[in-house]
Amino acid sequence: MTVEEKVAQLGSRWVGNDMQDSGTIESSSDSEALPEETLNVAPMQDVFAASGTIPLAEASRNGLGQLTRVYGSVPLTAAEGAAEVIRQQRVVLAGSRLGVPAIVHEECLTGFTSFGATVYPAAIAWGATFDPELVERMAAAIGRDMAALGIHQGLSPVLDVVRDYRWGRVEETIGEDPYLVALLGAGYVRGLQSAGVIATLKHFAGYSASRGARNHGPVSMGRRELMDVILPTFETAVREAGVGSVMNSYSDVDGVPAGADPWLLTEVLREQWGFTGTVVSDYWAVPFLATMHRIAAGMDDAGVQALAAGIDVELPDTLGFGEGLIGKAPEELIDRAARRHLTQKVELGLLDPGWTPEGSVAGAGEVDLDSPANRALAREMAEKSVILLDAGSALPLDPALRKVAVVGPCAANPRTFMGCYAFPNHVLPRHPEHGLGIEVPTAVDALRAELPGADVVHEQGCAVIGDDRSGFASAVAAAKDADVCVAMVGDLAGLFGHGTSGEGCDADELRLPGLQGELLEELLATGTPVVVVVVSGRPYALGEFAGRAAALVQAFMPGEEGGGAIAGLLSGRVQPGAKLPVQIPRTPGGQPGTYLQPVLGAENSGVSNLDPTPLFPFGHGRSYTTFEVDDLRISDGTVPTDGEFTVTVRVRNTGGRAGDEVVQLYLRDVVAQVTRPVKQLTGFARVPLAPGEAKDVRFLVHTDRTAFTGRDLRRIVEPGELEIMVGSSAGELPCRGTVTLTGAIRETGRDRVLITPVEVEKI
């Protein structure tokens, strides 16, 4: 290959990147409060589109690395998208000497981001399931649909650990605990790659800890916190799931942008963890080194720095990785990146003698992107992700109810069930004539089906955002005239300010958006029992409503089947078993407030007037049955620092209904050379139990699972006392014991144990 041909393998082309028209979000009661400006689907997309792009034939005259979002840019049917894949691949093959096909990549954060495709729950809802196997099954279904349409790489999962609930992309994360995120993220990777689609870890690393929760904001984080909280999720997906690709973070950590950090992208990722896949840039992260971070003198300099750091492929268009690299970047670096990308093309079969563009989409005619099987899986995900915070006095709803008022902006707007990367929220606001592209039952309709004997009336009350109170009176009147009021409040996901949750939709505090808090106050004042259902992408402070509401339910953007899942939980048909992957704050200020804190960050010790205690702790979730966790057994009270021990408890269903309990193991390092969290999730298992049934849950804990980054930035296992805590949430840990680690301080290696195996045995 010539150097020009090798450089061409490092770039990409986004044929659909022509978003220069203006418009507002799809006509709805929420649109009045949204600005009339370009509806981008990637940061500063309009700026780069307006700067001019070159035709695909010119962009691929020496070959091309990747084709960007053929299906995910405009509404195309599966057949239309497949035809466009064939057309673009034919252009790439015809224009270059070697005829190497391009990798086709797409987004898949809530399912395949394409017109008419199933919208699964957002990633924060996956976390609520505490079920890695279920997430793996979902990802496998997503991967099969994508593979049938000629797609080779999916830009998911997001493995950022939540550090500040105000950040708009909390909905795209799996939660605030590294171990929960790691296990579910690895499950997603295994599922997607089982279908032959390369998974891409996002965003490496530190993105979720931006100062002030601002999107792309600088990250004020030391190396120790980065290594102990942020990096383990990515390490697990690399080492345990064999992920094929990693995408860099936009943010800088302590002044060094991730896209130009060889310590992160090469030393840690490849040399320490053994990663052998490709590192792709987040969209325009390479030119951002010059235009936003201002550590590069121009596009060519930005490209040289990113290539040297370890980025192999520039997405979504070629700006820094073009021919400007020639003569400026050492050719061995160009060879390094080209070899990695071409190796993946070989592994995908793109260089096989019989490969054709038509053959790559041979399954397009048979694929149903929203098949009954997909919808059944989306329903299972939704039902296992909706969290019963407090059944109160109203749930499950009495089937003899005469009249039910369903109030609030999330009750009849199905878009509130979907994340910002779901196609109906991501692309279709620019194409309102296409509707949603899929069937999404509203919560009102689902409740009418659940409660056929009741008169279910609906009043919106107010929009998700805005200052229009004109609907308050009718909503209050409906509540007064009902036996019970179901108030559905929360978020409408969007992008870059076109929503209350999602990329670029950050919050300055954790009050419910717009007038929704005021609406709840008026509904609660009616005297009618009010069931508050929060449908959101982030946790909102509910302290002012707790104790006054008749029940509290949290649904984290449950997807296209969310209406039925919520209605089923309210009626009692669905047995709740989900747990909080993030805490529910008591008050709207004082962020960040995640549970993973040392003593002075987690306890109300009296040295500050601010109380960090949450309203509901991490891992919390109720059921319509009851469980008891007891009979703690620890195999050894004294264990060497290179040993292992087992922790066993008995969990019993003490109620009258079958249900699932998530048994959670937490550890605390009592005395350490650096401050350590007061508790940290170390193992968990979702255990189904019939009424009266009991099972033993046994955790096999290697001492590597107690390792932390010491004062000299080495990861060590330190001798001393460990507190063992087991229960049903970070706030309910009835089983407590101790283990003492003995011997010398031990440094862990690249083969350290990352997983706590769990065995469940019926009694």
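1. In this predicted model, strand β19 and strand β24 (residues 720–727) are joined by six bridges. The two run antiparallel. In this pairing, L665 stands opposite V726 of β24.

2. β19 also pairs with strand β20 (residues 680–689), again antiparallel, through nine bridges. Here Y666 stands opposite L681 of β20. In a regular strand, side chains alternate between the two faces of the sheet.

3. β19 itself spans residues 659–669 and is mostly covered. Ten of its eleven residues are buried.

4. Helix α19 (residues 562–571) is mostly covered too, with nine of its ten residues buried. Among the buried ones are I566, L569 and L570; glycines G562, G563 and G568 are also on that list. In an α-helix, residues three or four places apart point the same way, because there are 3.6 residues a turn.

5. What do the buried residues of α19 pack against? The partners include two helices, α14 (372–383) and α16 (443–450). They also include strands β10 (387–390), β13 (484–490), β14 (530–535) and β15 (551–555). After α19 comes G572, with a positive phi near 100°.

6. Searching the whole structure for disulfides gives zero. C108 is in none; its nearest cysteine sulfur, in C420, is 13 Å away. C108 is buried, at 0% relative accessible area.

Key: Residues are numbered from 1 along each chain as its sequence is written. This is a predicted model: local features need pLDDT of at least 70, side-chain atom pairs count only at pLDDT 80 or more; totals for chains, interfaces and linings use all residues. Side-chain values use heavy atoms; hydrogens and water are left out. Buried means under 20% relative accessible area, exposed over 50%, partly exposed in between (1.4 Å probe, protein chains only). Helices (H or I, at least four residues) and strands (E, at least two) are DSSP runs, numbered from the N terminus. Two strands pair if DSSP finds at least two bridges between them. Contact means heavy atoms within 4.5 Å. A disulfide is a pair of cysteine sulfur atoms within 2.5 Å.
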